[in-house]
Amino acid sequence: MQGLADRLQPLAHWCGVQAHRPLDWLRRQFRASDLWFIGLAALVGLIAAALTVLQSGMAHRLQAWLYGLAPDQRLSMLDHVSLSQLLVLPLGGLLVGLVTLIARRRKRALIDSVEANALHGGRMSMRDNLIVAAQTLLSNGFGASVGLEATYTQMGSGAGSQLGRILRVRRTDMRTLVGAGAAGAIAAAFGAPLAGAFYAFEIVIGAYVPSALAPVAAAALAGAFMADTLGAAAYTLPAATAYQLEPRDYAIYIALGLTCALIGIAVMRLVAGIERGVGKIQLPIWGRPVIGGLLLIPLALVSPQVLSSGHGALHLDIGGDNTLQLLATLLVLKCLASGICLGFGFRGGLFFASLFMGSLVGAFFAVGMNQLVQASVVDVTGAALVGMAALAAAIVGAPMTMAMLILEGTHDFVLTTAVMVAVLVANTVVRQAFGYSFSTWRLHLRGESIRSARDVGWVRNLSAGKMMRKDANHTLQDTSVAEFRRRFPLGSTQRVVLEDERGHYAGLVPLSTVYADRVREDATVAQYAQHRDTALTADTDIVSIMKVFDATQADELAVVDDERKVLGVLSENFVRKRYAEELEKRQRELMGERVSGDE
């Protein structure tokens, strides 16, 4: 038997080599050809769209089963929901809490597409993706006041990341595939390829990158095509009253954009405040969504429009003859409902919910303005659409995405001009006064310093531990000058690291200082040590390293561990040269040049 196994081993090896050859050939094509890579991005868009339609159907079927909805009916459109039906909210919270409890065993936070592209070169965990999908589908399916965009983009981006890992694409191409997955998902969700493409650039990639333009556009178009093929309805919006914009109108919509910016900041702080308050109470992880579901019940009894993301309620209210009191009540209830759900541990996003809240803000603004001047100076439907885009831009941080969403939903170019004014004002004010979108604000609360999906992971990868020289010369700090000169002749090195008797870092000594005139040979070299209290840790990133060099005016610094034992030394010249090389490589990638050696 052993002889037979020995004879078959070369055959098994040959079969394995033959099986890998097609995949290796594909890898070479995707790495070498832009056209092949665009095709790959389109495939990612198709997969993301199919997953989006599947997840949307699952969530709607769950809502229909729990709340008795008709096939074309949405939960937030209901006139009344009974208390017995709303009791499913804490039950859904319990299920979400149990999934969260299981996820906590991983001992690290789940990574979404924004964090993956900013810090991890686009690498996402499929297990993380499935956990986020389960949490979001349960949250929305049971009626929590959150949107499904979190799972749409998570699964779409995750598909791009997984294909990129299988095909071993470059780091910048991996990030582009993650953006392509998000573009396909959003394009499929709204039937709006322009909105999907801009979402990928503004939220997931973090910049308008020339090299990613064609792949992301292909993914967005493929996503919209796939959703239409699978029978998903495109996102349509009611048309505003046709008119030409006058200077007065621009002033009105600038004021509306400013209002939406302030409300957007308040909503994000509300979510964070509730989350902090829940953390102080020290409720168990699995019990937090249960309490959140119970708190949501009285709000839903007042108005079922607070349930789910608010798609149905948006179409129900926009352009309707609503009073200021009703609009204000619905806005406050929806803000509270979304804040409670997210603060107490339900999973989802504020993209869809912010669209509904923004339509209420715009309608309230228009009705109030018309009553104030006793004339119809603002079209209520138009203001609702502008407010919808402006508040979403303030919260999500994607002004062009929202402008394109309105354009593709209404096909009204005049209205889109007003939307552009409002979203740019809202986004600028939030960026200056607050500094974060909702996704990056959550990361900030978790301790991360990123403000967008712009690639900063390479900065963290260039750490002191990876760049240091380990062959530094060492000596004890109580070594005499005479002995030091004997061991280290002039010209043999530039600096020597000093250590105390326990092997801890005690400073750096330049040879030029020890060989200077008027240096006593019987003195210890510790008297001439520099930077005793300044050293780098192995995980210090390259930007922080340069700041330390600037602050200390040092030419070299030691790298130490947690016990201050010397690991190596790092020179300023090498750090700045390495940073310039890496920065040039990233700039070339942005312009679409193929850079070798980047995995």
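**Close-up views of a predicted model**

The accessible surface of the protein amounts to about 26600 Å², and 58% of this area belongs to carbon and sulfur atoms; areas follow the Shrake-Rupley method with a 1.4 Å probe, and for residues only the protein chains shown count as cover. The model is predicted, so local features need pLDDT of at least 70 and side-chain atom pairs count only at pLDDT 80 or more, while totals for chains, interfaces and linings use all residues. Residues are numbered from 1 along each chain as its sequence is written, and side-chain values use heavy atoms, with hydrogens and water left out.

**Figure 1. Overall fold.** The protein has 25 helices and 6 strands, taken as DSSP runs (helices H or I, at least four residues; strands E, at least two) and numbered from the N terminus. Of its 599 residues, 54% count as buried (buried, under 20% relative accessible area; exposed, over 50%; partly exposed, in between; 1.4 Å probe, protein chains only). Among contacts between residues at least 6 apart in sequence, 73% join residues at least 24 apart, a contact being heavy atoms within 4.5 Å.

Figure 2. L91, L95, L98, L101 and W286 make a nonpolar surface patch of about 420 Å². Patches consist of residues with over 30% relative accessible area and no salt bridge; like charges are joined within 9 Å, and nonpolar side chains (Val, Leu, Ile, Met, Phe, Trp, Tyr) within 5 Å. W286 is located in the loop between α11 (247-281) and α12 (288-302). With a relative accessibility of 40%, W286 counts as partly exposed.

Figure 3. The whole structure contains 8 aromatic pairs (rings of Phe, Tyr and Trp, the last by its six-membered ring, with centres within 6.5 Å; stacked, planes under 30 degrees apart; edge-to-face, over 60; tilted, the rest). The ring centres of F190 and F351 are 5.4 Å apart and the planes stand at 35°, so this pair is tilted. Because F190 belongs to helix α8 (residues 171-190) and F351 to helix α15 (residues 351-373), the pair ties together parts 161 residues apart in sequence. Both F190 and F351 are buried. The rings of F351 and F352, with centres 5.7 Å apart and planes at 80°, form an edge-to-face pair; F352 is buried, as is F351. Ring pairs link Y152, F190, Y199, F351 and F352 into a cluster.

**Figure 4. Arginine over a tyrosine ring.** R485 lies over the face of Y515, 5.4 Å from the ring centre. The criterion is NZ of Lys or CZ of Arg within 6 Å of the ring centre and within 35 degrees of the ring normal.

**Figure 5. Salt bridge between R495 and D555.** The structure holds 8 salt bridges (side-chain nitrogen of Lys or Arg within 4 Å of a carboxyl oxygen of Asp or Glu). One of them joins the side chains of R495 and D555 at 2.9 Å, N to O. This pair links distant parts of the chain, 60 residues apart: R495 in strand β2 (residues 495-499) and D555 in the loop between α24 (542-552) and β5 (556-560). R495 is buried at a relative accessible area of 19%, whereas D555, at 44%, is partly exposed.

Figure 6. R576 and E572 form a salt bridge whose closest N and O atoms are 3.0 Å apart. Both residues lie in helix α25 (residues 572-590), 4 residues apart, about one turn of the helix. R576 is partly exposed at 32% relative accessibility, and E572 is buried at 17%. Salt bridges with shared partners join D550, E572 and R576 into one network.
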